[in-house]
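I opened this model to look up its sheet, its helix packing and a few single residues. The entries below follow the order in which I checked them.

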Amino acid sequence: MMTTSNRHEAAGAASQTVLITGASAGIGKATAMRLLQEGYTVYAAARRVENMQDLEDLGATALKMDVTREEDLVAGVYRVIEEQGGVDILINNAGFGLYGPMEDVPLDDARYQFEVNLFGLARLTQLVLPSMRERRTGRIVNVSSIAGKMHGPLGSWYIATKHALEGWSDCLRLELKRFGIDVIIIEPGLIRTEFGSVAFAPMVERSANSPYSDIVNGMTKRLDSYKGGSQPSVIADTILKSVRARRPKTRYAAGQYAKPALLLRRLVSDRMFDRIIGKMAG
């Protein structure tokens, strides 16, 4: 039976418009589906628009969007404004992992990592903010990672983008508070998505025979043998919780290893953490 509180939440969801990037797979798709189930108006954006037919069948509007292309970002936001009056909840989820020894990664690849994981979402945020400020309400949810608070071998460029996103989000939260806009950081742990294959395949091709081959091959073997990780729905539920909260937390950590790993990082010194991670990485 639906309670008065449930009916209030459903009514609120029905009047709110969500724009979520990276919605063609993994966390993005799971989150879009969860929000559709709860009655939100969802604009699902991704490069692979052909992979979002299932979301459209559920009522989403699919937008073809590469977050590194200005024309895609402008066209997408313009459409939401024309059809809905603006974005109530922006979920910056699009991103990918570039892994490999820092010395072996071409700087052009590293710059592209930042274009996707930081500058693309920053530009999209700039585009949605005017209508949020005008209405003096809104939520910006940035999907980071526990990597935004940690470090490890072979992840220098990816981890740098997540550390940058954490600091960028904290500054933005202070700037937007006066306009009634919340900025929320989501820190997933280990999640079952295509992230691993996308991140590690180029690393093996580039560095399997480099001076770093021992750690590259060792970590790849461990990845191939590991079948754990939480389902993307765990993060989808966490994002839903964050957008429903009357006074959301600044950060939500969820998924396998997320909370224990972040606690460990806070409790031990840099050198001790280096030793622990070094043993885990072999």
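In what order do the seven strands stand in the open sheet, and is the pairing parallel or antiparallel? I found the order β3-β2-β1-β4-β5-β6-β7, with parallel pairing. I note that this is a predicted model, in which local features need pLDDT of at least 70 and side-chain atom pairs count only at pLDDT 80 or more, while totals for chains, interfaces and linings use all residues. Residues are numbered from 1 along each chain as its sequence is written, and side-chain values use heavy atoms, with hydrogens and water left out.

**Entry 1: the sheet**

I took strands (E, at least two residues) and helices (H or I, at least four) as DSSP runs numbered from the N terminus. Two strands pair if DSSP finds at least two bridges between them. β3 (61-64) and β7 stand at the edges with a single partner strand each, so one side of each has no neighbour in the sheet. I read an average twist of 15° from one strand to the next. For axes I used lines fitted to C-alpha atoms, for helices over the stretch in contact, with angles from 0 to 180 degrees between N-to-C directions.

**Entry 2: strand β4**

Which residues of β4 are buried on each side? For β4 (residues 89-92) I found Ile89 and Ile91 buried on one side and Leu90 and Asn92 buried on the other, so that both faces are covered. Buried means under 20% relative accessible area, exposed over 50%, and partly exposed in between (1.4 Å probe, protein chains only). In a regular strand the side chains alternate between the two faces of the sheet.

Three bridges join β4 to the parallel strand β1 (residues 17-21). Val18 has Ile89 as its bridge partner, and Leu19 stands opposite Leu90. Four bridges join β4 to β5 (residues 138-143), also running parallel. There I found Asn92 opposite Asn142.

**Entry 3: α4 against α5**

I looked up how these two helices cross. The axes of α4 (residues 70-84) and α5 (residues 107-135) come within 10 Å and cross at roughly 35°. The crossing is right-handed, meaning that the near helix is turned clockwise from the far one by less than a right angle. On the α4 side I listed Glu70, Leu73, Val74 and Val77, which meet Gly120, Arg123, Leu124, Leu127 and Val128 in α5. These contact residues divide into six nonpolar, one polar and two charged. The classes are nonpolar for Ala, Val, Leu, Ile, Met, Phe, Trp, Tyr, Cys and Pro, charged for Asp, Glu, Lys and Arg, and polar for the others, Gly among them.

**Entry 4: the two sides of α10**

Which residues of α10 are buried? In α10 (residues 258-267) I found Ala258, Ala261, Leu262 and Arg265. They lie on the same side of α10 because they cover an arc of only 95° around the axis, taken from the directions from the helix axis to the C-beta atoms. Lys259, Pro260 and Leu267 are exposed on the other side. The buried residues pack against β6 (181-188), β7 (251-254) and α11 (270-281).

**Entry 5: single residues**

I looked up Val49 in the loop between β2 and α3 (53-57). Val49 is partly exposed, at 27% relative accessible area. Beyond its neighbours within four places in sequence, Val49 contacts Ala62, Leu63 and Lys64. Val49 and Leu63 are 14 residues apart in sequence, with 6.7 Å between their C-alpha atoms.

Most residues other than glycine have a negative phi. Arg136, in the loop between α5 and β5, has a positive phi of about 55°. Leu154 has a positive phi of about 75° and is found in the loop between β5 and α6 (156-176). I noted Leu154 as buried because its relative accessibility is 8%.

Ile215 is in helix α8 (residues 213-225). Not counting residues up to four places away in sequence, I found Ile215 touching Pro153, Leu154 and Ala281.

Note on methods. Contact = heavy atoms within 4.5 Å.
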